[in-house]
Amino acid sequence: MELAMIGLGKMGLNMATRLVRGGHRVVGFAPSAESVQAAINHGVEGTHSLEEAVGKLKAPRIVWVMVPAGQVTDETIEKVSHLLSKGDLVIDGGNSNYKDSVRRAALLKTKGIDFLDCGTSGGVWGLNEGYSLMIGGQPEVTEKMRPVFETLAPAADKGWGRVGPQGAGHFVKMVHNGIEYGMMQSFAEGFSIMKAKKDFELDLAQISHVWQDGSVVRSWLLDLAALALDENATLDEIKPWVADSGEGRWTVFESIDLDVPAPVITLALQMRFASRDEENFSARMLAALRNQFGGHVVKKDK
């Protein structure tokens, strides 16, 4: 098959490369000339505008959007919609909010353009290991894209599937990332507890490898923890500042809207906020209150 990959960052470039390796024709575009050249180096047909990228495709045309969620995705799909015709297809493989995907699908439908939202997991390892693809859209449109999904996935019959109508793909990916937040937080806390037990002189890297085989907690995240600890067992070169990309927040919001308790995911998100609070005013206030009502000693900041 052939398609245009719009966005050639870490994910877009690797996905385009995997598709080329799988025998597909991929036309690539990104605002950065450097990114376009990197894609060309991996067998992608580079272009320097959306118009040129779409113009290189034969009808019915397929445009895969792999750009940052939010306004950038809105603007990209809006521009692409003016270049496409009835029967063409737009796939959003980024981390869009599922409500935005439902809205975009409705907008494209008025022009006769099909839409699939494809939650994509796999990170930088996806190039060689394959991607997990959670697809929302019409069954017949998904089926037409089977050769592409089979190439991107870890295997033709593994790691991908249509999970529901338009919007469902990004909804499932949102919850997937929320679960990921909780799992990562659990590993972080567990290793932190072991690090604090000084009298046992525990080797965290060794323990991570022991757990990789036979353990109930063995997983890809554990494998990545082992890699990180092998590189630097104290992690002292990494600032304890953890970002969040949005999906964890949306999962928590959704749990509130649906009256579904999600304490682990919620607290994992809150811990990321705490990591970025270098002033920690709330702790200062707690210390001040203890001093005021009980005369408890306050440690002075240097």
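Me: Contact here means heavy atoms within 4.5 Å; which residues of α4 meet which residues of α5?

Reply: This is a predicted model, in which local features need pLDDT of at least 70 and side-chain atom pairs count only at pLDDT 80 or more, while totals for chains, interfaces and linings use all residues. Residues are numbered from 1 along each chain as its sequence is written, and side-chain values use heavy atoms, with hydrogens and water left out. On the α4 side, Thr73, Asp74, Ile77, Glu78 and Ser81 meet Arg103, Arg104, Leu107 and Leu108 of α5. The residues of this contact divide into 3 nonpolar, 2 polar and 4 charged, where Ala, Val, Leu, Ile, Met, Phe, Trp, Tyr, Cys and Pro are nonpolar, Asp, Glu, Lys and Arg are charged, and the others, Gly among them, are polar.

Me: How are the axes of α4 and α5 placed?

Reply: The axes of α4 (residues 71-81) and α5 (residues 98-109) come within 11 Å and cross at roughly 10°; axes are lines fitted to C-alpha atoms, for helices over the stretch in contact, and angles run from 0 to 180 degrees between N-to-C directions. Helices (H or I, at least four residues) and strands (E, at least two) are DSSP runs, numbered from the N terminus. The two helices are therefore roughly parallel, given that angles under 35 degrees count as roughly parallel, over 145 as roughly antiparallel, 65 to 115 as roughly perpendicular and the rest as oblique.

Me: OK, what about α9 and α11, at what angle do they pack?

Reply: Helix α9 (residues 168-196) and helix α11 (residues 220-231) pack at about 45°, with their axes 11 Å apart, which makes α9 oblique to α11. Met183, Met184, Phe187 and Phe191 in α9 meet Leu221, Leu222, Ala225 and Leu229 in α11, and this contact has 8 nonpolar, no polar and no charged residues. The crossing of α9 and α11 is right-handed.

Me: Which hand does α12 show as it passes α13?

Reply: The axes of α12 (residues 247-257) and α13 (residues 263-275) come within 9 Å and cross at roughly 140°, which makes α12 oblique to α13, and α12 passes α13 in a left-handed crossing. Gly248, Arg249, Thr251 and Val252 in α12 meet Ile265, Thr266, Leu269 and Phe273 in α13, a contact with 4 nonpolar, 3 polar and 1 charged residues.

Me: Switching to the backbone, is the bond from Ala59 to Pro60 cis or trans?

Reply: The peptide bond from Ala59 to Pro60 is cis, with omega near -10°, and Pro60 sits in the loop between α3 (50-55) and β4 (62-65).

Me: And what is phi of Glu201?

Reply: Phi of Glu201 is near 50°, a positive value in a residue other than glycine, and Glu201 is found in the loop between α9 and α10 (204-211). Most residues other than glycine have a negative phi, and most peptide bonds are trans.

Methods: Contact means heavy atoms within 4.5 Å. A crossing is left-handed if the near helix is turned anticlockwise from the far one by less than a right angle, and right-handed if clockwise.
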